Amino acid sequence: MSDVVLQTRSLVKHFKSRDGAVRAVDGVDLQLRRGETLGVVGESGCGKSTLAKLLVGLEKPTSGAIAVRGQDMVRLKGGDLRRARRNIQMVMQDPYTSLNPRMTVGDIIGEPFEIHSDVVPKGKRRQAVQDLLDTVGLNPDHAGRYPHQFSGGQRQRIGIARALALKPEILVCDEPVSALDVSIQAQVINLLERLQDDFGLSYIFIAHDLSVVRHIADRVAVMYLGKIVEQGHDVAIYDQPTHPYTQALISAVPVPDPRLRGRRDQIVLEGDVPSPADPPSGCRFRTRCWKSQHVCGEQEPVLQIRERSPHPSACHFAEVRRVR
Amino acid sequence: MSDTRSRSLAGDAWTDLRHNKIFWASGVLVALILLMAVVPSLFTSADPAVCTLANQNQGPSSTAWFGYDFQGCDVFARTVYGTRDSLEVGLLSTLLAGVLGLIVGMAAGWFGGVVDAVLSRLTDIMLGVPLLLAAVVFSGRLSSPFEDGVFAVTLTLGLLTWTAAARVMRSAVITAKSQDYVAAARMLGAGPARLVFRHVLPNSIASFIVVITILLGTNIAAEATLSYLGAGLGGDAISWGLQIAEARNYARIAASPLVWPSVFLAVTVLAFIMLGDAIRDAFDPKLR
Amino acid sequence: MFRYIVRRLLQMILTFFGATFVVFALMFANQDDPIQALAGEKPVSDNVRAVLTERYHLDESFPVQYWYYMKGLLTGDLGRSMAGRDIGEMLSGAWPVTLKLSALAIVVAALIAITAGVWSAIRRGGFFDNSTLLMTLLLLAVPIVVLAPVAQLVFAMELRWFPATTTARAGLYDLLLPAVVLACSVMATQLRVTRTSVVENLRADYVRTARAKGLTPRRVTWVHVLRNSLIPVITLIGVDLGMLMSGAIIVEEVFNIPGVGFNLARGIRAEDGPLVVGFVSVLVVVFLVVNLVVDLLYAALDPRIRYE
Amino acid sequence: MTDIKGQVDALPGTDPRAPLLQINDLHVEFHTRDGVAKAVNGASFWLNPGETLAILGESGCGKSVTAQAIMGILETPPAHITQGEVRYRGVDLLKLPEAQRRKVRANRIAMIFQDALSALNPVYSVGFQLAELFRVHRGMSRGDARKRAVELLDQVRIPGAKSRVHDYPHQFSGGMRQRVMIAMALALDPEVLIADEPTTALDVTVQAQIMGLLAELRRERNMGLVLITHDMGVVADVADRISVMYAGRVVEEAPVYDIYARPGHPYTRALLESIPRLDLKGQQLSVIQGLPPALTDIPAGCAFHPRCRYAKDPCRQDPAPPAYSIAPHRTARCHFFREVLGE
């Protein structure tokens, strides 16, 4: 198990609100191995962005543990925590708000070196920044420019360069391409894949776009209302989904091939996602599920390998159904 | 993207300001007013304190451009010399209000929670007392009629007018604080000082500056109002407000002692408000 | 909605105590020898001093004095002025004409500010917009101490269109000039806020929807945009009441209107501490109550607050 | 219903045999501080009843501006329609007086927008906003209009329509709000519905619901649907024909099957290739180099030439390539369409 770089155990985050606790993340166990990409998919409000913030320490978990290379990030303090945090960095969704408009690109990418002054000696920082710009495919001479002089895709590259500055092993990518146009998306995805090969990075890749996740991820976790409902290798999830929610989600994604029109097994779910402040008892998906039975309201299904599910699935009636 | 020069937002704003006629007009006016306050003798050779009743209510002449008032004082000289006290009170009270507002607003916005609740309530309470009403209760003249009152009025206005700046600063800080780039810096391990001074402050200061510029104008007007009511400057101070109060009773006999201090007061306030407007437009061009 | 009202009420009570405390503390901090101040420049005999000390509880500590002040304020007993008159009675005699004056000023200011603000927002960049912008600049720059005497000189004394002074039983026309002067002190900001707010709302997506529905421009502006745009203006009108009160002191003094501001101005000139503090305290309470009402009105305009 | 419409909103000059909607050589410019932005530079397409036409393109390609020009809701200034025709059943809407133009909106051509939360007025109940249409265009009484509003909410399958009609937009979920928008667009039985990115802000499961609802309503009413989107999956699922826009021009127009099988313009081809596909997993995605041009500074000749791998000298010179007819019902603005098609 030495190649596990990141592991969470029963990770929980509840936010206080007027209507009681919002259970944004409610017991998440996941593992990330070296050089691997774990895709996390789910609809808005499923807790995937909160999960990302927990992983990089922007939010404190209500309970549970996050281990990076065996060190519990929740318990670490002071200098140890700062050093441990270097190992896990994030690429944010919105390239327009994630860069300080009053700092030059060189200052933005160089800021990690100023905060962790022992990483690169002062005299070599300029060179380091230019190298990083070069690595992400930007002109190193543009270090003196300001963020608003770059396009969305270029700004996302700046964000990636900043995340790479401290040479982390793990990158958490929170919807890194969803704000970009299709043709620009492909450029950024290619860059991320190339960096993974060059530096042996491990990715947590969070997205709502299932086809992007399928392209980049080795394993996929599907989240619904703060819980992982199904987890497995990409082929297992996309071709042999066993959880009804996964099946509905995959079938809802339009396929860019008109020949398949009307010939796909489309499951259209009724209604909306319930409020995470007051999730249904038992299985959280039962209110929208066509398989729902009495037991689903009584007993919460555990995420595990089941008789008819060769990979972990949190459904009492898990069963493979090819939906595309 | 065609130009290779790097342009910061402040740089953009400056480029914008340079082409703004209103900015230059108000800037020149402000500079002139400041000069008048610092070296009034550049503008008039007459001594404002020398008044001869023989000159009472005389009309404008080549020696006294604006004529003489009821006491026989040179209106132009008194108006020019009035700039100093007015500006002194305006600048110092705005400085005080600005510092208070900056601290309160930053603290409330940055810390949030209990600090914000307490400071916001305090701001509400201060806003619950209309400025002039509080000022007339507090200002020195009520009990000490023999000082010039500059210190008392400055303190009064400073302590009572920080609320607007604090509110603006608070909401700007809250907006800036929740931006992704702050989260990104925090994630890199940046300490609170770096977060505040490198990320939050530079991105929230623009609207604060605008409020302060406008406050400068309104505080000068407030001083004149207080002095007019007899709750502001007094003693041997020269103030436009005092001049207006005196001249009003004889306005039908001689309008010039009423009109000229009024014009100077209005132009000063106008200059600062226009300057604030120009700066706002430069930083926030979308609302033009 | 209920929650919102309760919260606002609690807030107001807190602000009430805070604000009156501020007023009292200001007065307390400001007095070195209040009895001497009361008497002006005459010497004060020990006997008189003892009576006055007794009457104003001057030998008590700050909290006790504050207690007497609050008790008086809450029971409507504002004590006596330096001249020996009952402050409560003075107030009740003075407020009707002030109410008339400020109501007139609010209506004049709001009417002009909102119509002109909407117009210049629609025609932004046009002649009307530019001239209103210039006008608001001038209005902002001319403080009421300048405007009131000059307006009196020009319109009342020289042109004789309006009476220069009035009595307690002044009619609406008699009060029109002072009301307009008073309105000028708040009109500029109201107009600018209206304009900005309408400009912002005209760009909102729902305006596009309203146009796509085939509604006339008039309906889009006056039904869809206006209600959204008024939300910040309404708040401002509440806050501006403070400006109006301050302005009323000047205007009533200049035009000799025997209202609250007139009495207050005289109190200030006469250095009548109890009168000033009593009047100011009541005005602060009025200000707070009006702002509470404004906040409730706000909720009526904006369902997002009503249903929060 | 049709006869009511005939009486209330007669539009003289309409020809029932003319295409339902035909856009010819539409040009729209924006006058900005940075110069003249040419948002639409000669867009042309047509639409038949019961048909779904997808206008596909990335942000800034002019697809939304085109839609708003058709509706006549562009803000002028800064926008100016400098050239072109928007023909509805043969009548050029751009030449109509504003009062008549207004009657076309919502009655004949209706539109729904991307972000339903901001597209609905926050301070009025959805019932008011729906009923307003009947009151303004049909002169109905308050009560009747309200009744029709409830019926409409019912038709777009909002549960509990009778009580929800009193609710405000912020009280609805994203999907329900878009249903309200659809109800509003369909209220007066228009013949053309323009949907501008109707599901972009929604989750996929909700997107499936909304697209299903739109398809069903279109079929029932035999409406023409103009679907504006950047999502090639959605297009493949619902469109009959596609117009691909780039830098304000329709660069390719074709039936949906043909375009996915054999794109005729390099841009379309590159777009299709940049979608992640199952069989290419583990490989690099093919990308379009560079960025779309700034609308204030569109390259001479074919606007796509700086990013095009087929580009040769003629592409870099004005005039821009004409709309070559490359097959029945297919056009492409590329000098080298044969190469692109792989012939």
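## Where chains B and C meet

Let's start with polar contacts between chain B and chain C: the rule finds one residue pair across their interface, with both residues at pLDDT 80 or more. A polar contact here is a pair of N or O atoms within 3.5 Å; within protein, one must be able to donate a hydrogen and the other to accept it, and residues adjacent in sequence count only if both atoms are side-chain atoms. This is a predicted model, where local features need pLDDT of at least 70, side-chain atom pairs count only at pLDDT 80 or more, and totals for chains, interfaces and linings use all residues. Residues are numbered from 1 along each chain as its sequence is written, chains are lettered from A and ligands numbered from 1 in the order in which they are written, and side-chain values use heavy atoms, leaving out hydrogens and water.

On chain B, the elements giving two or more residues to the side that touches chain C are α4 (113–128), α5 (131–138), α9 (192–229), α10 (240–248) and α11 (256–283). Of these, α11(B) gives the most, with nine residues. Helices (H or I, at least four residues) and strands (E, at least two) are DSSP runs, numbered from the N terminus. Counting contacts (heavy atoms within 4.5 Å), 46 residues of chain B touch 53 residues of chain C. Together the two chains bury about 4200 Å², 71% of it on carbon and sulfur atoms; buried area is the accessible area (1.4 Å probe) that two parts lose on being put together, summed over both. As for salt bridges (a side-chain nitrogen of Lys or Arg within 4 Å of a carboxyl oxygen of Asp or Glu), the count between chain B and chain C is zero.

## Where chains D and A meet

Over at the other pair, 42 residues from chain D and 38 residues from chain A take part in the contact. The area buried between chain D and chain A is about 3400 Å², with carbon and sulfur atoms giving 55%. T205(D), D237(D) and K281(D) supply 18% of the area that chain D buries against chain A, more than any other three residues.

Here the rule finds nine residue pairs in polar contact, both residues at pLDDT 80 or more, and zero salt bridges. The top giver is α10(D), with seven residues.

## The sheet in chain D

Chain D has an open, antiparallel sheet of four strands, in the order β2-β1-β4-β5. Strands β2 (35–47) and β5 (91–92) of chain D are at the edges with a single partner strand each, so one side of each has no neighbour in the sheet. Strands count as paired if DSSP finds at least two bridges between them, and two bridges join β4 (residues 79–88) of chain D to β5(D). In one of the bridges, Y88(D) is partnered with V91(D).

## The sheet in chain A

Chain A also has an open sheet of four antiparallel strands, in the order β2-β1-β4-β5. Its β1 (residues 4–17) is joined to β2(A) by eleven bridges, and V4(A) stands opposite R33(A) in β2(A).
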